[in-house]
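Here is a short briefing for a first look. Start with the view below, then read on by topic.

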Amino acid sequence: MPTEIKIECPGCGWEPDGGAYWACTCGQVWDTFSTAGRCPSCNKQWKYTQCIGFKGGCDQFSLHLDWYKGLDGWLEEEAGEVLHQPERADF
Ligand SMILES: [Zn+2]
Ligand SMILES: [Zn+2]
């Protein structure tokens, strides 16, 4: 993994601050970016991640992978545009 990954909302540019703002359907609350969108309690993989409105975000859902800005270069090197297709984003 590259070290220069930046995480921000694809819609508004809000940057997660490491807080546990995401709630799973099982009741778990955690920082979804610490687990790449996977619930640490029930292991549900969340394909979409919501921006946190009460922390200054826009409340919109975006593909989890789209939040990682620094991935573009090596993703395209590794696998090309195919990884940007929504149906392939839940690997
Ligand atoms: Zn869960
Ligand atoms: Zn946002």
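The site of the zinc ion (ligand 2) is tetrahedral, with angles of 104 to 114° among its four donor atoms. This is a predicted model.

**Zinc ion (ligand 2): donors and spacing**
- Cys9, Cys12, Cys51 and Cys58 coordinate the zinc ion (ligand 2), each through SG, at 2.3 Å.
- Along the sequence, these donor residues follow the pattern C-x2-C-x38-C-x6-C.
- Cys12 sits in the segment before strand 1 (22–23). Cys58 sits in the loop between strand 3 (48–50) and strand 4 (61–63). The pair therefore ties together parts that are 46 residues apart in sequence.

- Cys12 is partly exposed, because its relative accessibility is 41%.
- Cys58 also counts as partly exposed, with a relative accessible area of 25%.

**Zinc ion (ligand 1): donors and spacing**
- The zinc ion (ligand 1) is coordinated at 2.3 Å by the SG atoms of Cys24, Cys26, Cys39 and Cys42.
- The site of the zinc ion (ligand 1) is tetrahedral, and the angles among its four donor atoms are 106 to 116°.
- The donors of this ion are spaced C-x1-C-x12-C-x2-C along the chain.

- Is Cys39 buried or exposed? Cys39 has 0% relative accessibility, so Cys39 counts as buried.
- Cys42 has 40% relative accessibility and so counts as partly exposed.

How values were computed
Residues are numbered from 1 along each chain as its sequence is written. Chains are lettered from A and ligands numbered from 1 in the order in which they are written. This is a predicted model: local features need pLDDT of at least 70, side-chain atom pairs count only at pLDDT 80 or more; totals for chains, interfaces and linings use all residues. Side-chain values use heavy atoms; hydrogens and water are left out. Donors are N, O and S atoms within 2.8 Å of the metal (3.2 Å for Na, K and Ca); water is not among the atoms, so sites may look incomplete. Four donors count as tetrahedral if all angles lie between 85 and 135 degrees; four count as square planar and six as octahedral if opposite donors are over 155 degrees apart and all others between 65 and 115; anything else is irregular. Helices (H or I, at least four residues) and strands (E, at least two) are DSSP runs, numbered from the N terminus. Buried means under 20% relative accessible area, exposed over 50%, partly exposed in between (1.4 Å probe, protein chains only).
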